[in-house]
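Take a walk through this protein model, one stop at a time. Keep the sequence beside you as you read.

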Amino acid sequence: MNIANYDIQPIMLYLPDTEKWRQRAIDGEKHFNEAGIENVIKIPGIYGEGFGIVGTHLYEYDNPGGGHQIGVANTSLFLSMQIVYNVMNNLPNTHFMFLEDDSRFNDGWKAVVEQALKDIPKDFDFLFVGSCCTEGRGGIRVAENLYHYPTRRGVYAPYPLCGNCYIVAKKALPKILETQRDAYVNVDINLAVNTFPHLKVYAILPRVVEQFNNPLPI
């Protein structure tokens with residue numbers, strides 16, 4: 001897929017293990033094709049209940065000493081994303097569009113993304129196409145629908161959250177793989193805490209992708 005002269009390979013994460021999840025993947029790919037996103041590479045993720053896995057490290061940011069663990073689903077998602085990052089890192093494309101199977105593109109999304117990619121610096125690492133929790137994150141408007149999120153030392157995770165759709169540069173993948181080595185927190189927060197301070201992070205706002213099975217806050 002070529003948008004604004006960027007070579008972008010779409011990649012969808014899905015679960016093949018139950019009828020419910022298989023149907024989500026079918027519905028998702030159908031929607032993506034209708035939205036003009038074709039030749040999607042489909043990555044079968046890890047089904048946590050089937051694998052019998054759970055994270056044992058504690059999430060301590062919000063409630064130190066509370067003993068919170070991220071559970072089966074988020075642990076399996078973390079491991080599934082390790083697969084996705086490694087697949088991306090071994091493909092020839094320069095950029096990748098990551099898709100969750102329940103992502104749904106708004107009408108007119110492509111024109112907004114194309115303009116953002118014309119406005120964004122060529123050395124960007126990560127562009128949120130879908131996002132949540134953007135209020136108060138310190139985004140700096142650099143174009144009509146494009147915001148930059150510079151690193152702010154001493155501020156906890158000053159970046160948008162959610163991972164239902166984003167564009168990532170291949171050059172950023174080694175740093176992502178290096179810094180995503182501990183499954184103790186949800187994937188999006190893990191990126192914000194451990195990876196984004198090393199990357200050039202941007203977001204399209206308002207977002208142009210929603211999440212069908214999990215309505216997102218602003």
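Tyr 184 is buried, because its relative accessibility is 10% and the cut-off for buried is under 20%. Bear in mind that this is a predicted model. Tyr 61 is partly exposed, with a relative accessible area of 39%.

These two residues meet through their rings. A pair of aromatic rings is described by the distance of the centres and the angle of the planes. The ring centres of Tyr 61 and Tyr 184 are 6.4 Å apart, and their planes stand at 45°, so the pair is tilted. The pair links distant parts of the chain, 123 residues apart. Tyr 61 sits in the loop between helix 2 (48-51) and helix 3 (71-89). Tyr 184 sits in the loop between helix 5 (173-179) and helix 6 (187-195).

The structure holds 11 aromatic pairs. Ring pairs also join Phe 98, Phe 126, Phe 128, Tyr 159, Tyr 166 and Phe 196 into a cluster.

Now turn to the strands. Strand 7 (residues 140-143) pairs with strand 8 (residues 146-149) in the antiparallel sense, over three bridges. Arg 141 has Tyr 147 in strand 8 as its bridge partner. Two residues lie between strand 7 and strand 8, and the two strands form a hairpin.

Next, look at the backbone. Ala 4 and Asn 5 are found in the loop between strand 1 and strand 2. Ala 4 has a positive phi of about 55°, although it is not a glycine. Asn 5 also has a positive phi, near 70°. Ala 4 is buried, at 13% relative accessible area, whereas Asn 5 is exposed, at 74%.

One last stop is a peptide bond. From Leu 205 to Pro 206 it is cis, with omega near -5°. Pro 206 lies in the loop between strand 10 (201-204) and strand 11 (209-211).

Note on methods
Residues numbered from 1 in each chain as written. Predicted model: local features only at pLDDT ≥ 70, side-chain atom pairs only at ≥ 80, totals over all residues. Heavy atoms only, no water. Phe/Tyr/Trp six-rings, centres within 6.5 Å; stacked < 30°, edge-to-face > 60°. Helix = DSSP H or I, 4+ residues; strand = E, 2+ residues; numbered from the N terminus. Buried < 20%, exposed > 50% of the residue type's maximum accessible area, 1.4 Å probe, protein only. Pairing = 2+ DSSP bridges.
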